[in-house]
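Hello,

Here is the structure I promised to pass on to you. Please open it beside this message, and then read on for what I found.

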Amino acid sequence: MKTINLFQKTHLPKDGWFQGCVLCGVVTGHKEYVSFYRLGSTYLPYCNKYRFYSFTCKDCCFHMRRKRKWRNDFVEESRNMVDIYLKRRKSRK
Ligand SMILES: [Zn+2]
């Protein structure tokens, strides 16, 4: 099982502990697990291979716990980044 971190690009090194929040781009060390249940059935074939985590800052987490729109945005952003990751992986073969 491979752990994949999703985040917005920042000036920071890609393999560091801190990355840009997927929703607002603020640098954060907090990650949220993105379950395959959240991503949807299209992604189920990958669920034995990967665990996806999205960097999400405290403010965005706070809003996500309260507002559906933020949760939807979170899933949408994560999905986009998972797509990019999977595409990149395929083209490397
Ligand atoms: Zn944020």
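Let me begin with a term: a crossing of two helices is left-handed if the near helix is turned anticlockwise from the far one by less than a right angle, and right-handed if clockwise. Before we use it, please keep in mind that this is a predicted model, so local features need pLDDT of at least 70 and side-chain atom pairs count only at pLDDT 80 or more, while totals for chains, interfaces and linings use all residues. Residues are numbered from 1 along each chain as its sequence is written.

First, the overall picture. The chain has three helices and five strands (DSSP runs, H or I of at least four residues for helices and E of at least two for strands, numbered from the N terminus). Starting at the N terminus, the order is β-β-β-β-α-β-α-α. The C-alpha atoms fill a box of roughly 35 × 30 × 20 Å along the principal axes. Of the 93 residues, 18% are buried, where buried is 20 or more other C-beta atoms within 10 Å of a residue's own, exposed is 12 or fewer, and partly exposed is in between, with C-beta atoms placed from the backbone.

Now the helix pair. Helix α2 (residues 58-66) packs against helix α3 (residues 68-92) at an angle of about 120 degrees, and their axes are 6 Å apart. The two are therefore oblique to each other (under 35 degrees is roughly parallel, over 145 roughly antiparallel, 65 to 115 roughly perpendicular, and the rest oblique). Axes here are lines fitted to C-alpha atoms, for helices over the stretch in contact, with angles from 0 to 180 degrees between N-to-C directions. The crossing of α2 and α3 is left-handed. Cys60, His63 and Met64 of α2 make the contact with Trp70, Arg71 and Phe74 of α3; contact means C-beta atoms, placed from the backbone, within 7 Å.

Finally, two leucines. Leu39 sits in helix α1 (residues 36-39) and is partly exposed, with 17 other C-beta atoms within 10 Å. Leaving aside residues up to four places away in sequence, Leu39 touches Val34, Val75, Ser78, Arg79 and Val82. Leu86 belongs to helix α3 and also counts as partly exposed, with 14 C-beta neighbours inside 10 Å. Leu86 and Tyr43 are 43 residues apart in sequence and 10 Å apart in space, C-alpha to C-alpha.

Happy exploring!

Conventions. Two residues are in contact if their C-beta atoms, placed from the backbone, lie within 7 Å.
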